[in-house]
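This briefing is for a reader who is meeting the structure for the first time. Please look over the sequence and the model before reading on.

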Amino acid sequence: MKGYQDDLALDSAFPFQIEEVPLSADYNADEPFHWHEYFEITCVLEGSGCYYVNGQSFLVEPGDIIIFNNAELHGCQVFQQEMRVLVLVFASELVAGYGDFADMEYLRPFISRTSNFRNKVGRQERFAPQIADIMREIEGEWTGKHAGYRLMIKADVLRILTMLVRHYNDDTRAAGPVQEKNKALLRLQKAFEYIDASYCGKVTLREAADRVYMSPNYFSHYFHSATGISFSDYVSLRRVRKARQLLETSGRSIYEIAIECGFPNSSNFYRLYKKHTGESPRQSR
């Protein structure tokens, strides 16, 4: 996951997957944001952390549900030694099939951003405990693979989606902006690749803009609109994540790590590190 599209391939015959994933504190050093062509529902099982999406942050604890569509750039930070999550992903074809527009209603929470939409369904809210329980049932079907398990999984996924429709229950916005945002992220892919290859050295707004054939001013606005974060913050966050990894795994000095990760001086490094992690480099070490 390097600031662009995740390449997880789902089975075309049954485009679904569910997996319990342990996220250690080392995960914080990974590339901060990614998106994918499938839909995601994640339930937090243990630990705590923060998900970042569309310029917003959502603190999460056990029982919280987080959902992402196929156009949302998102990332996660783990606060404790480990956070365990149950991640369910599926393609729209699992629910609706090609051209089956009647069943697209199930996907409304993902493709229609209503005025009351939030990516987080808190554990205290009406449907969160039921969704968590059903996800556990789905996990059992997926691992057991007994006769008819695919039928049972699809039925349970539809139950969850119906609960999400009821949870949001607002028809005030259309799906168009989601498709437009997905196109925007794809258009920025060359810029993401440039940042990922160069963040330890000199990274300029003009060079990134040139990679996607935009003027610097237009690119700056376009990048913020598509990702929910400014270009400079994205670059500094990428550097901070790498610095944190080195602080936790190497014996090099803080100054050496700061320079290696593209920070021009120690004061700049300390300020941005504190901004993005909530702690000082010495505390991380």
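The model is predicted. It has 12 helices and eight strands, and 51% of its 285 residues are buried.

**Whole protein**

- Of the contacts between residues at least 6 apart in sequence, 75% join residues at least 24 apart.

**Helix 3**

- Helix 3 covers residues 128-144, which makes 17 residues.
- From its first C-alpha to its last, helix 3 reaches 24 Å, close to the 24 Å expected at 1.5 Å a residue.
- The buried residues of helix 3 are A128, I131, A132, I134, M135, I138, E139 and W142.
- Seen down the helix axis, these buried residues fall within an arc of 165°, so they line one face of helix 3.
- An α-helix has 3.6 residues a turn, so residues three or four places apart point the same way.
- The cover over the buried residues of helix 3 includes strand 1 (16-24), strand 2 (39-46), strand 5 (65-68), strand 7 and strand 8 (120-121). Helix 4 (149-168) is also part of that cover.

**From helix 3 to helix 4**

- K145 follows helix 3 and is found in the loop between helix 3 and helix 4.
- The phi of K145 is positive, at about 50°, although K145 is not a glycine.
- K145 counts as partly exposed, because its relative accessibility is 43%, which lies between the limits of 20% and 50%.
- The charged end of K145 sits over the ring of W142, 4.2 Å from the ring centre. W142 is itself one of the buried residues of helix 3.

**Helix 4**

- Helix 4 has 20 residues and reaches 29 Å from its first C-alpha to its last, close to the 28 Å expected at 1.5 Å a residue.
- Among the buried residues of helix 4 are Y149, I153, D156, V157, L158 and I160. Others include L161, M163, L164, V165 and Y168.
- N169 follows helix 4, and its phi is positive, near 45°.

**Aromatic residues**

- The structure holds 17 aromatic pairs.
- One of them joins F263 and F269, whose ring centres are 4.9 Å apart. The planes of F263 and F269 make an angle of 55°, and the pair is tilted.
- Both members of this pair are buried: F263 has a relative accessible area of 3%, and F269 has 0% relative accessibility.
- One aromatic cluster is formed by F192, F219, F223, F231 and Y234.
- R238 lies over the face of Y199, at 4.0 Å from the ring centre.

**S236 in helix 9**

- S236 lies in helix 9, which spans residues 231-249.
- With 6% relative accessibility, S236 counts as buried.
- Not counting residues up to four places away in sequence, S236 touches F263, L272 and H276. F263 is also a member of the tilted pair with F269.

**R84 in strand 7**

- R84 is placed in strand 7, residues 82-90.
- R84 counts as buried because its relative accessibility is 17%, under the limit of 20%.
- R84 and G47 are 37 residues apart along the chain, and their C-alpha atoms are separated by 6.6 Å.
- Leaving out residues up to four places away in sequence, R84 touches E20, V21, P22, C43, V44, L45, E46 and R136.

- R123 is in the loop between strand 8 and helix 3.
- At a relative accessible area of 36%, R123 is partly exposed.
- The C-alpha atoms of R123 and P62 are separated by 7.5 Å, and these residues are 61 residues apart along the chain.
- Apart from neighbours within four places in sequence, R123 is in contact with E61, P62, G63, D64, A128 and P129. A128 is one of the buried residues of helix 3.

**Y213 between helices 7 and 8**

- Y213 is in the loop between helix 7 (205-211) and helix 8 (216-227).
- The phi of Y213 is near 60°, a positive value in a residue other than glycine.
- Y213 counts as exposed because its relative accessibility is 75%, over the limit of 50%.

Key
Residues numbered from 1 in each chain as written. Predicted model: local features only at pLDDT ≥ 70, side-chain atom pairs only at ≥ 80, totals over all residues. Heavy atoms only, no water. Helix = DSSP H or I, 4+ residues; strand = E, 2+ residues; numbered from the N terminus. Buried < 20%, exposed > 50% of the residue type's maximum accessible area, 1.4 Å probe, protein only. Contact = heavy atoms within 4.5 Å. Phe/Tyr/Trp six-rings, centres within 6.5 Å; stacked < 30°, edge-to-face > 60°. Lys NZ or Arg CZ within 6 Å of the ring centre and 35° of its normal. Expected span 1.5 Å × (residues − 1). Arc of directions from axis to C-beta.
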